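Here is a short briefing to read alongside the model. Have a look at the structure first, then work through the points below.

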Amino acid sequence: MTERYGAIVVGGGYFGCACGYFLAKAGVKTLLLDEKGIARGASGANFGNVQVQDASMGLSYDLTLAGFRRMQTMEQELDADIGYQPYSSLIAAEREEHLPELRKLYAEKKEAGLDIRWLEGQALRDAEPNLAPGAVVAATWFLQGRVYPFFYQYALIRRGREHGLTVREDVSVASLLLEGGACVGVVLSDGSEIRAEHVVVAAGSGTRALCATAGLDVPVYSVKAEAFATEAIAPFLNTYYSSAAFFAEAHDPEKAVTSLCIGQSHYGNILLAETTKPHTAVADDCQDRTSIEHCRNIKRKVLEFFPALEPIDILRSWVTASPYTPSNEPVFGKAPVPGLILAAGFKSAAVVSAVVGETVAQLVTRDTAPWDLSSFVGQVGRM
Ligand SMILES: Cc1cc2nc3c(=O)[nH]c(=O)nc-3n(C[C@H](O)[C@H](O)[C@H](O)COP(=O)(O)OP(=O)(O)OC[C@H]3O[C@@H](n4cnc5c(N)ncnc54)[C@H](O)[C@@H]3O)c2cc1C
């Protein structure tokens, strides 16, 4: 007998887990499928910052602010320790050429009412005393938050299961199942079909290929991203530091870029990222390996900006496919194929994950959303 669900969610990252949880909580019979497992894609490779400062303006910013407020209630919502903490962030102009963009980011957020600060000189040294003197021209500062990514996603799944969510890992979706121009389920890689009234594609860097099976051109691309964690050390960083260059250059479709993002985990490990590199520029057998080039580049960056980290040992490195869209806007909302909902390509994930999950549940149960998502899904074309 063919299996049937109210909704199938493809992907077990921040967005798939949040969609699965909120759909099940809303009473929708939901199946979540992941070809690897929960938090095994980019959502298990990231630093858990609940990022606000870097949001694009307009609808993305409104969604980010709503998401930021919602994330502060998620421990209560899930009745679980997800490691939520206030955690300040710096976005740093390391070179004069990055000042105009940073000034723009500051001015637009300030005008929107965000309590963002502009730091230079002594104020910057006070905010991050271990930053090499004179290494940074200016920075913006905002008190945002962070979660422990695995605790958060596992809690969404645990609570989702209590509401009836079914989760299957190691199951790859080969294509979307279409009938009469509508999406009516999925076809797995073993050829079996599972039917549902709604399919939610939250497949991160797998989104583009999967949606192509429904004739859709979804502009979610990905780069190879590399990161490190050091041994745990005493409190060293006050903030999550990201180079303004990261936001300007990280997803260059032509070449590899190394820019410094550095934070200290809940447990004291220094988290270091990242080199991003287009997959087309990486040999097939190196897609899932950290590169020597990255090790050298990131070491040079770290020592330039935080020289006191010189004697600290690296414990672990990892690689992930990191999704992005050229517009920096997510592909989110009802696709131009009935029955299909897309939730991928978000610039920052943790901060908007819960509101995205809630919105998807509303789209499924009430066929309406609290946001006009047309500009996000308007990016989807036909092949
Ligand atoms: C080093 C690093 C640090 C970062 N730090 C932060 C941070 O601090 N805060 C933040 O908000 N963001 C951060 N990010 C970005 C963030 O990790 C991603 O934006 C986010 O994880 C994307 O989530 P997702 O659910 O869309 O995709 P993913 O987490 O990649 O999940 C997609 C899932 O879909 C599954 N899948 C794909 N195709 C199929 C298929 N055909 N069938 C079945 N399953 C499929 C995959 O196995 C995967 O598990 C960071 C990224 C990197 C690389």
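In α1, the buried residues (under 20% relative accessible area, with exposed meaning over 50% and partly exposed in between, using a 1.4 Å probe and protein chains only) are Tyr14, Phe15, Gly16, Cys17, Ala18, Cys19, Gly20, Tyr21, Phe22, Leu23 and Ala24. That makes 11 of the 12 residues of α1 buried, so this helix is largely enclosed by the rest of the structure. Keep in mind that this is a predicted model, in which local features need pLDDT of at least 70 and side-chain atom pairs count only at pLDDT 80 or more, while totals for chains, interfaces and linings use all residues. Residues are numbered from 1 along each chain as its sequence is written, and side-chain values use heavy atoms, leaving out hydrogens and water.

**Helix α1**
- Helices here are DSSP runs of H or I with at least four residues, strands are E runs of at least two, and both are numbered from the N terminus.
- Helix α1 covers residues 14–25 and reaches 16 Å from its first C-alpha to its last, close to the 16 Å expected (1.5 Å times one less than its number of residues).
- Just after α1, glycine 27 has a positive phi of about 90 degrees.

**Nonpolar cores**
- A nonpolar core is a set of buried Ala, Val, Leu, Ile, Met, Phe, Trp, Tyr and Cys residues joined through side-chain atoms within 4.5 Å.
- The largest one has 64 residues, and Leu23, Met74, Leu78, Tyr152 and Phe332 have the most contacts inside it.
- Helix α10 (residues 350–366) gives the most to this core, with 10 residues.
- A second, separate core of 28 residues includes Leu33, Val171, Leu188 and Val331.

**Ligand surroundings**
- Of the 36 residues around the ligand (a heavy atom within 4 Å), Asp34, Ser43, Asn49, Ala349 and Ala350 come nearest.
- Polar contacts are pairs of N or O atoms within 3.5 Å; within protein, one must be able to donate a hydrogen and the other to accept it, and residues adjacent in sequence count only if both atoms are side-chain atoms.
- A ligand oxygen atom lies 2.6 Å from a side-chain N or O atom of aspartate 34, and one is 2.5 Å from a side-chain N or O atom of serine 43.
- The protein covers 95% of the 1,000 Å² of accessible area that the ligand has on its own (Shrake-Rupley method, 1.4 Å probe; for residues, only the protein chains shown count as cover).

**Tryptophan 141**
- Tryptophan 141 sits in strand β6 (residues 138–146) and is buried, with a relative accessible area of 18%.
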